[in-house]
Every structure is written in structure tokens, then in C-alpha cells.
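Thanks for coming, everyone. I'll take you through one model, from the overall picture down to single residues. Here it is.

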Amino acid sequence: MKKITISQIQGFKGGDSPFATLTAYDFTSARIVDRSGIPLILVGDSAAMVVYGYSNTIPVSMEQMLFLVSSVARGVERALVVADMPFMSYQASIEDALKNAGQFIKVSGAEAIKLEGGRVYADRINAIVNAGIPVMAHIGLTPQSLHQMSGYRVQGKTASSAEKLLDDARSVEEAGAFSLVLEGMPSELAGLVTETVSIPTIGIGAGPQCDGQIQVFHDILGLYGGFVPKHTKQYLDVGNQISGAITAYREEVESGQFPDSHHSAHVAKEMVNTLKGS
């Protein structure tokens, strides 16, 4: 099974149909996603919430992300694995950005990294790309800027903010990003950005006009409690199915139904009698 390459992802630009991408955070989920034919898996900093239980993405550390990326990389045979750069792993300096991006590639086995921000971080993108590491950019609603944005708010709703996002898109493309996540922006603006840049755009809460789409594994499967983001379609309610299965297991143990003879090993009665008499 051949690995998906950066050039193949770039080849999705302006394709006949959009392409789907998804997050994963451990060996098992990565293997499931990979076998489903998804070409790109993002180990997102959303792990802060769905894996580590934080209220937002800000607290997750490099060490925590490195551990998860390694687990995902071991479970993937085909998909391109992209590691999300956590908060303050690249913002402070180009040196930090290079060092931490390199860790994801060299230590964890990722094939690319993602970082949030437009023109202001174009120098980081350019430096990382020049070091031989592919970069996925991310503009619009950038969750690491939660406090600055005063919450999870749709971006680009005014002419000036929309123009800034267009400038951000051009800047990250010029810096060498191979693809661009567009999050939390009006569909029409996402369509305009997609027309403007020559790299594939991947939308999340940005409408259907992007070249591809990305969602969080836990969201589409109903694994993250009762909360379903507006941009998510829940394809299964696995959380309740798992809860039901665990409840059934507990009840069968308590009632003595499990384990039964079929789920137990046996020896000859003569041996048992011998042991009793010894």
C-alpha cells in the first residue's frame, strides 16, 4: 500500500470532487480512519479537549502531542500524517518553530505539520518549509487565539476582516504552505479564498466551496458527549452505543451470566478431584 504524498494532496486542488480528511489521536482510531480511505489524517491540538479533557486547545503541550502523533503514525499505512503545532510551540521565535516542527518529523514520525496564523507567521512557515518540512497553514477561526477573538466566533464577516483573511491566504501560500485550513468563515469568503490560492483549501465550518473538508473524529461519531458543533454532522451516536454495551457487560457480570462456559477454559474433572485430594 503506497503512502499518500504531499504532491498527491496538492493534486486535489480544483478536483472533480472534494476530498475528506479527519483527525485521529491514537493507534486504534488512526488505523480505522486509514482503512476507510481518508488520504490525510491530522493529529489535531483538539486532543486537548477530546483526549486530555481541557476546556480548550491552549493547555496541551509538545510532550503530550508528540506522544499522540507517535501513536497515530504507528497505526497508519497509507494516509499522510500531519501534526498540529500546539500553542506557544512556534509563536515565540523561528528557532522554536524549527525545533518543535523537527521533533514531530524526527521523533514522532509525522510527515507534515500544521500551524495557525496568516501573514504574522509567514516567516515561521517559510523557515520550516526551507528546512524540508511540509506545512499546512490554518486561518480564519484559529482556536489558539480564543481569548483574543473573544470566543469561537465566525471570522471575515466584515469587508476589512475578509480582506485580511485573503491577505493571510496569499501570504501563507507565498511562504510555501502546501495546503490551507479555512475554519469558521462565511462560505462565500471561503469560496473566494479557494479561487485565489493555488494550494488546496480544507474547510471546517467554512461551507462546501473548499477543495476538501476536515472534521474531528469524536464529533462525527458522537463520542464527545452531547455537544455537536454547528459545523459537524454526527454520522453515528457511538458514545451511547458504547455506554449501552458497557452497561450490558456490567449487568451480566453482576448477574453471573458472564463469563459462561463458552468464555472459560476447562480441564478434566479427574484433575480437579486429584487437586482437591492433594
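Let's start with the fold. The secondary structure comes to 11 helices and 8 strands. Keep in mind that this is a predicted model. The C-alpha trace spans about 85 × 40 × 35 Å along its principal axes. There are 278 residues, and 47% of them are buried. Now the contacts. Take those with a sequence separation of 6 or more: 58% of them join residues 24 or more positions apart.

Next, the surface. The protein exposes about 14100 Å². Carbon and sulfur atoms supply 55% of that area. On charges, we have 21 positive and 28 negative. Their mean positions sit 3 Å apart.

Let's go inside. Look at Ile125, in helix 6, residues 122-130. Is Ile125 buried or exposed? Its relative accessible area is 0%, so Ile125 counts as buried. What does Ile125 touch, beyond its neighbours within four places in sequence? The list is Leu115, Val135, Ala137, Val172, Ala175 and Ala177. Take Val135 from that list. Val135 is 10 residues from Ile125 along the chain, and their C-alpha atoms are separated by 6.5 Å.

Asp123 and Arg124 form a salt bridge, with the closest N and O atoms 3.1 Å apart. Asp123 is partly exposed, at 36% relative accessibility. Arg124 is buried, at 10%.

How many salt bridges does a search of the whole structure find? It finds 8. Helix 7 covers residues 159-175. Asp168 pairs with Lys164, and the closest N and O atoms are 3.0 Å apart. Why is that spacing worth noting? The two residues are 4 apart in helix 7, so about one helical turn separates Asp168 and Lys164. In general, an α-helix has 3.6 residues a turn, so residues three or four places apart point the same way. Asp168 is buried, with a relative accessible area of 5%. Then there is Arg170 with Glu163, where the closest N and O atoms are 3.9 Å apart. Both ends are partly exposed: Arg170 at 33%, Glu163 at 43%.

On to helix 8, residues 187-196. Its buried residues are Leu189, Ala190, Gly191, Val193 and Thr194. Which elements do they pack against? Helix 7, strand 6 and strand 7.

Now some backbone checks. Met88 has phi near 70 degrees, a positive value in a residue other than glycine. Met88 is in the loop between strand 3 and helix 5, and is partly exposed at 46%. Ser150 also has a positive phi, about 60 degrees, and is not a glycine. Ser150 lies in the loop between strand 5 and helix 7. At 52% relative accessibility, Ser150 counts as exposed. One more item: the peptide bond from Phe258 to Pro259 is cis, with omega near 0 degrees. Pro259 lies in the loop between helix 10 and helix 11.

Last stop, helix 11, residues 269-277. Met271 is in this helix, and is partly exposed at 46%. Met271 belongs to a nonpolar surface patch with Val267, Val272 and Leu275. Together the four have about 370 Å² of accessible area.

That's the tour. Over to you for questions.

Notes. Residues numbered from 1 in each chain as written. Predicted model: local features only at pLDDT ≥ 70, side-chain atom pairs only at ≥ 80, totals over all residues. Heavy atoms only, no water. Patch = residues over 30% accessible without salt bridge, like charges linked within 9 Å, V, L, I, M, F, W, Y side chains within 5 Å. Areas by Shrake-Rupley, 256 points an atom, 1.4 Å probe, with all protein chains shown as cover. Salt bridge = Lys/Arg side-chain N within 4 Å of Asp/Glu carboxyl O. Buried < 20%, exposed > 50% of the residue type's maximum accessible area, 1.4 Å probe, protein only. Contact = heavy atoms within 4.5 Å. Lys, Arg positive; Asp, Glu negative; His and termini not counted. Charge placed at Lys NZ, Arg CZ, Asp CG, Glu CD.
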